[in-house]
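Colleague: I would like to go through the labels on this model and hear what backs each one.
Modeller: Fine. Ask, and I will set each value against its cut-off.

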Amino acid sequence: AELRREPTHTERNDVPGVSCRGDASGRGSTDSGTAGGCSGWLAPDSTSGAPASVSPSLSTPLSAALHAVKRTVDSSDTLLKVPLAPLLSLEVQLPPPPTRQSHLSPCRLARVPGGMPPPPSLRPYLGLLPLRDDTIQAIPSDGSKLLERLVREASPLRSFSELHLETGLPMATLFKLALHLECWGHMRIVTPVTEDSLFCIHPLADVSPDSDAARAYAAAFGARPALPFVSALQLFSTPRRFGALLRSQSVPARRLVQATVFLWRWRVIQQLTVTVLCVEEPAQPPPAAQLRPRGGGEVVDGEAGGPAAVARWLLFRQLRPMLNGEHSVEEMAWHEAVPRKAIEEMLEAYPAQLVTLAMPAEGEE
């Protein structure tokens, strides 16, 4: 009987999950089993963690492949080309380095004892700011249709909750696709534009008339736009509520929104977020049942001890763990399911105890 040795793992061509193909003649194919095929596999050893043994014949191609990987990682290229054989190579598209470190960083603790930790990276009230106009064209033909659906519906005026209803995508899938788009530099995760949004000129922006942003603004809105570049910058010289800007300008609201989004994309302006810091505990008002009626037998709602004052104090106690200067008003309204108007009324009732801070939003630095 003829004894045949069973080929080792590095000598077999059936590498799991990898299909190597050569030219049309079959050279370099795993099916034909020729010398030009994938005759080796570099993988960590399951016990020691070291690379598995490699055939001496593959030492030179593997060295070239490892050098190609190192050159690509060290450089700014995103296309990795690994030579596997004289007529066979492997090209891998590498993602750009992440620009939003908060997605990868561990959860931080609260700054003060008893406070609530900072929020997670993604929340339903956030949204997407498109940065490029060729995102649809950049999606390959075999790309995810869910991604294409999200790109078509994404707008800085819509939150993730609204995109969830518009696209029908589950929130978890929506978050993953949003992180994918941000990682590749096609969109940014921001707080959507509302009437309560605050914008101001970015301190590092180049606002000269011959800057790249000024030329791009003229190309997008024409040489004589309804809202010139200098006039648009003047609107955001000081932080103002966007709703007040819409009602105070003679420019159509649609044109003002377009100009604002354009300047935001070019980082000429930055979005500000409002946080609240408690510097002193307000006094507890007497219960509504202990109030003495006046005149016609009714308790005035605006009095210091009226039902509205009791409700504001109860709201303060509810939001107290988040009043440490780390949580935005939008987050408090979402996390506690409280209308933003109620939070603003509470801030107006306690001006000496609660201090509002306007600072650049996350990702605007």
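Predicted model: local features only at pLDDT ≥ 70, side-chain atom pairs only at ≥ 80, totals over all residues.

Colleague: Why is Phe 199 called buried?
Modeller: Its relative accessibility is 1%. Buried means under 20%. Therefore Phe 199 counts as buried.

Colleague: How do you know that Phe 236 is buried?
Modeller: By the relative accessible area of Phe 236, 2%. The limit is under 20%, so Phe 236 is buried.

Colleague: What makes Phe 199 and Phe 236 an aromatic pair, and why is it called edge-to-face?
Modeller: The centres are 6.3 Å apart. Rings pair within 6.5 Å. The planes make 80 degrees, and over 60 counts as edge-to-face, so the label follows. Phe 199 sits in strand S5, Phe 236 in the loop between H7 and strand S6, 37 residues apart.

Colleague: Which residues touch the most other members of the largest nonpolar core?
Modeller: The core has 27 residues. Among those with the most contacts to other members are Phe 199, Phe 236, Phe 242 and Trp 264. Helices H6, H7, H8 and H9 each supply at least two residues. H9 gives the most, with 7.

Colleague: What else is in a core?
Modeller: A second, separate core has 21 residues, including Cys 200 and Met 332.

Colleague: How do you know that the buried residues of H6 lie on the same side?
Modeller: The buried residues in H6 are Ala 213, Ala 214, Ala 216, Tyr 217 and Phe 221. They cover an arc of only 165 degrees around the axis, which puts them on the same side of H6. The face turned away from that side carries Asp 212 and Ala 219, both exposed.

Colleague: What covers the buried residues of H6?
Modeller: The cover includes H7 and H9. Tyr 217 and Phe 221 also belong to a cluster linked by ring pairs, with Phe 229, Phe 262 and Trp 266.

Colleague: Where does a positive phi occur just after H6?
Modeller: At Gly 222, with a phi of about 95 degrees.

How values were computed:
Residues numbered from 1 in each chain as written. Heavy atoms only, no water. Core = buried A, V, L, I, M, F, W, Y, C linked by side-chain atoms within 4.5 Å. Buried < 20%, exposed > 50% of the residue type's maximum accessible area, 1.4 Å probe, protein only. Helix = DSSP H or I, 4+ residues; strand = E, 2+ residues; numbered from the N terminus. Arc of directions from axis to C-beta. Contact = heavy atoms within 4.5 Å. Phe/Tyr/Trp six-rings, centres within 6.5 Å; stacked < 30°, edge-to-face > 60°.
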